[in-house]
Amino acid sequence: MLSTLEQDEITLHYQPLARRDGSVGGMEALMRWHHRQRGSISPEAFIPIFEDSGIIVPLSRWALAEAARDAATWGQPLRIAVNLSAKQFEQDDLAKVVEGVLSTAGLAAGRLELEVGEAALVTSARRARRTLEQLRELGVGIALADFGAGRTGPSYLREFPFTKVKLARTLVADAATSAPTRSIIHMVAALAHALGLSVAAEGVETEHQRTLLEAEGCDWLQGYLIGRPRPIWELGRFTGASVAVPGVGATMLSPLLRTG
Ligand code: C2E
C-alpha cells in the first residue's frame, strides 16, 4: 500500500478548537490520505503503518511545515496544533526542525502547539523531557494528547513541560453517563490548572457534553459539535483567510518523501 503512495495523496484537514465563550481560538491539523485506488484511508489505519515504515518522520515534518505556512496566512492569529509522532523524538534535531519551520513560515512560536501522545514519552522519558524542554524554550506550546485513553496519569502533567492537556474522546463520551468519569475530569482539570496548564476536551459531540465539560473546568472544546475536520479553504470564516488553493502544499511533499 505504501509503495504506491503518491505525493499528492496526502493532505491536511483542520478542525477548530473553541474557547468556553464559543469563539474559535485554534485549529488542529490532521493528516488525510486519499489513496488513488482505495479512496480515503483513516489515520487510525495509516498512521501506524507510516510509523512502522519510518515514513512518518518526513511526512510529519511536511505536515508541520504545511500547517505553519497555512497558519501564517490567516487573518486571525489562531493557534495551530500539529501532531508529533513518537518516531520524531528519536531524531536529535526535532527542536531545530521546529525552529526552522517557524522561521521559514514567519509564524510566531506562541501560535504553534505540538501534540504529543503517550508513545513519545514512554520509550525514553529522559530524552523526551529534554526535547520538550528545548521546544518550550522556543516558545511553542506542548499538549499532552489523548489523556485518559492509555496509561498517562496525573504524574505526567508534572514530569513533562506541557502547557495543555487534551482529554481523550473516550473520557468525554463517558462523561454524560458516568459520575466517576466526571470526577476524574474534574480532578484532572483542577490539577492541570494548579500546574498552570489549560484543559481541552476532544470529541465533543453534544450540547449536553459541552455543558458538563465546561462545568468540570475544561477551557477548550474540540469535536463535531464545534466543527468537523475540513480542508482549510472551507474554514475561512474562522481563519479570516481568503485563500482557496486546494492541493497547493502537495508540491512540498515530493522531496521530503525522497529523503524518507
Ligand atoms: P487525535 O490527534 O486525537 O485527533 C483527533 C481525532 O478525533 C481525529 O481523528 C478527529 O477526526 C477525531 N474527532 C474529532 N472530533 C470528533 C468527534 O466529535 N467525534 C469523533 N468520533 N471523532 C472526532 P483522525 O483524523 O482520524 O486522527 C486520528 C489520530 O491520527 C489523531 O488523533 C492523531 O493521533 C493521528 N494523526 C492524525 N494526523 C496526524 C499527523 O499529521 N501526524 C501524526 N503523527 N499523527 C496524526
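## Cavity

In this predicted model, the lining of the largest cavity is made up of five nonpolar residues, one polar residue and three charged residues. The residues concerned are Leu17, Gly26, Met27, Arg79, Ile80, Ala81, Glu113, Lys164 and Trp220. Strand 2 and strand 4 are the elements that each give two or more residues to this lining. Strand 4 gives the most, with three residues.

The space in the largest cavity comes to about 50 Å³. How many cavities of 30 Å³ or more does the structure hold? It holds one. Empty space of this kind is found by rolling a probe the size of a water molecule over the atoms.

The largest pocket has a volume of about 1300 Å³. Its lining has 42 residues, and Glu28, Leu30, Glu44, Asn83 and Asp146 are the closest to the pocket centre. By class, the lining of the largest pocket divides into 19 nonpolar, 12 polar and 11 charged residues.

Both strands and helices contribute to the pocket lining. At least two lining residues come from each of strand 1 (10-19), strand 2 (24-35), strand 4 (79-83) and strand 6 (141-147). The helices that each supply at least two include helix 1 (43-53), helix 2 (56-73), helix 4 (118-122) and helix 7 (169-175).

## Overall fold

The protein chain contains 11 helices and nine strands. Its C-alpha atoms fill a box of roughly 50 × 40 × 35 Å along the principal axes. The radius of gyration is 18 Å, which agrees with the value near 18 Å for a compact globule of 260 residues.

Of the 260 residues, 50% count as buried. Among contacts between residues at least 6 apart in sequence, 67% join residues at least 24 apart.

## His35

His35 belongs to strand 2. Is this residue buried or exposed? His35 counts as buried because its relative accessibility is 3%, where the cut-off for buried is under 20%.

A polar atom of the His35 side chain lies 3.1 Å from the backbone nitrogen of Gln37. Gly117 is 82 residues from His35 in sequence, and the C-alpha atoms of the two are 26 Å apart in space.

## Helix 9 and Leu212

Helix 9 spans residues 207-215, and its buried residues are Gln209, Arg210, Leu212, Leu213 and Glu214. In an α-helix there are 3.6 residues a turn, so residues three or four places apart point the same way. What covers the buried residues of helix 9? The cover includes helix 7, helix 8 (179-194), strand 8 (198-201) and strand 9 (220-222). Just after helix 9, Gly217 takes a positive phi of about 110 degrees.

Leu212, in helix 9, counts as buried because its relative accessibility is 16%. Leaving aside residues up to four places away in sequence, Leu212 touches Ala175, Ala176 and Arg182. Arg182 is 30 residues from Leu212 in sequence, and their C-alpha atoms are 8.0 Å apart.

How values were computed: Residues numbered from 1 in each chain as written. Predicted model: local features only at pLDDT ≥ 70, side-chain atom pairs only at ≥ 80, totals over all residues. Heavy atoms only, no water. 1 Å grid on protein atoms, 1.4 Å probe; cavity = no way out; pocket = protein on both sides within 12 Å on 5 of 7 lines; lining within 4 Å. Points joined across faces, edges and corners; volume = space filled by probe spheres on them. Helix = DSSP H or I, 4+ residues; strand = E, 2+ residues; numbered from the N terminus. Nonpolar A, V, L, I, M, F, W, Y, C, P; charged D, E, K, R; others polar. Buried < 20%, exposed > 50% of the residue type's maximum accessible area, 1.4 Å probe, protein only. Polar contact = N/O pair within 3.5 Å; in protein donor to acceptor, adjacent residues only side chain to side chain. Rg over C-alpha atoms; globule rule 2.2 N^0.38 Å. Contact = heavy atoms within 4.5 Å.
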